[in-house]
Amino acid sequence: MSAPQLVVHRDKELMAQAAAARLITKIVDAQAARGHASVVLTGGRNGNGLLAALADAPARDAIDWSRLDLWWGDERFLPEGDPERNVTQAFEALLASVPLTPSRVHAMPASDGPCGNDADAAAATYAGELAAAAGPEDHGPVPTFDVLMLGVGPDTHVASLFPELPAVRETERTVVGVHGAPKPPPTRISLTLPAIRAAREVWLLAAGEDKAEAAEIALSGAGEIQAPAAGAYGRSRTLWLLDAAAASRLPRALYPPASP
Ligand SMILES: O=C1O[C@H](COP(=O)(O)O)[C@@H](O)[C@H](O)[C@H]1O
């Protein structure tokens, strides 16, 4: 378990740009070291803001997009192409404009896909895809992702792990169907905390006043069942990327001053 490190930026625009720059460097370094890189994307406003900033960053051309594996931390279980699906929004924000290798884009199944409208079966299929991609060096049923990003919800949810719901208590499976989520749509698919913790680096994104309470709760010693964001950490690094509004309720001793 790596203890959280915090970086606070002036506002959400700067946070998205700085996180995009950080992600470019991370991917380029991983590709130089291992020949390829793997990133887990998040949905939500902050995740899509980062992808849009990446689309606008000239340095995005430093990435070899053909040697990048993309996975998702969660998905809203809706039909293919639905505008509310996280994958649809990621394509709109960035992915449609970069030369990815289609077989390396691992979208979670849609509700009208091969598993039909069965979120549990779809979750098991995605778990199988992850297991097939894991090698002996990964020591488990999911690849060692280079970076796994998570938007933090105002209720401290990450991916589709909501406080107190069964998915956040899962200790065996790597991907689960989520039913009765308090945020629409109620049916979702999500990586579990054990799968999230397989990542080298976990980045939690929180920008905006509506994330201040969640950041305060998750970073003040709350349990992961009550505050799922508190249970999200990486093998070598756990990074909270915040803007000043989201950090406004945190003790100043936790982070250096925001950039001017
Ligand atoms: O529904 C979801 O919400 C969270 C957080 O979204 P935000 O808009 O409050 O930032 C997101 O992380 C998750 O991927 C998504 O499915």
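The ligand is surrounded by 15 residues, and G43, G44, R45, G151 and G153 are the closest; a residue is near a molecule if its C-beta atom, placed from the backbone, lies within 6 Å of it. The model is predicted: local features need pLDDT of at least 70, side-chain atom pairs count only at pLDDT 80 or more, and totals for chains, interfaces and linings use all residues. Residues are numbered from 1 along each chain as its sequence is written.

**Ligand shell**

- Helix α2 (44-56) gives the largest share of the shell, four residues. Helices (H or I, at least four residues) and strands (E, at least two) are DSSP runs, numbered from the N terminus.
- α2, β4 (74-76) and β5 each supply at least two shell residues.
- By class, the shell holds nine polar, four charged and two nonpolar residues. Asp, Glu, Lys and Arg count as charged; Ala, Val, Leu, Ile, Met, Phe, Trp, Tyr, Cys and Pro count as nonpolar; the others, Gly among them, count as polar.

**Six-stranded sheet**

- Six strands form an open sheet with parallel pairing, in the order β1-β9-β8-β5-β2-β3. Two strands pair if DSSP finds at least two bridges between them.
- β1 (4-9) and β3 (68-72) stand at the edges with a single partner strand each, so one side of each has no neighbour in the sheet.
- From one strand to the next, the twist averages 20 degrees. Axes are lines fitted to C-alpha atoms, for helices over the stretch in contact, and angles run from 0 to 180 degrees between N-to-C directions.
- β1 and β9 (residues 237-243) run parallel and are joined by six bridges. P4 stands opposite T238 in β9.
- Helix α1 (residues 12-34) lies across β1, β2 (37-41), β3, β5 (147-151), β8 (201-206) and β9. Its angle to β9 is about 155 degrees.

**Nonpolar core**

- The largest nonpolar core has 82 residues. Such a core is a set of buried Ala, Val, Leu, Ile, Met, Phe, Trp, Tyr and Cys residues joined through C-beta atoms within 7 Å.
- α1 contributes the largest share of this core, seven residues.
- L150, V152, L204, L205, A206, A215 and L242 touch the most other members.
- Leaving aside neighbours within four places in sequence, L242 is in contact with L6, V8, M15, A206, A207, A215 and A247. Contact means that the C-beta atoms of two residues, placed from the backbone, lie within 7 Å.

**Strands around β7**

- β7 (188-191) is covered on both faces: R188 and S190 are buried on one side, I189 and L191 on the other. A residue is buried if 20 or more other C-beta atoms lie within 10 Å of its own, exposed if 12 or fewer, and partly exposed in between.
- Three bridges join β4 to β7, and the two run antiparallel. D74 has S190 as its bridge partner.
- Four bridges join β6 to β7, also antiparallel. V176 stands opposite S190.

- Most residues other than glycine have a negative phi, and most peptide bonds are trans.
- P184 and P185 are joined by a cis peptide bond, with omega about -5 degrees. P185 sits in the loop between β6 (175-178) and β7.
- T156 is not a glycine, yet its phi is positive, about 75 degrees. T156 lies in the loop between β5 and α5 (166-169). T156 counts as buried because it has 27 C-beta neighbours inside 10 Å.
- A159 is not a glycine either, and its phi is positive at about 50 degrees. A159 is found in the loop between β5 and α5. A159 is buried, with 34 other C-beta atoms within 10 Å.
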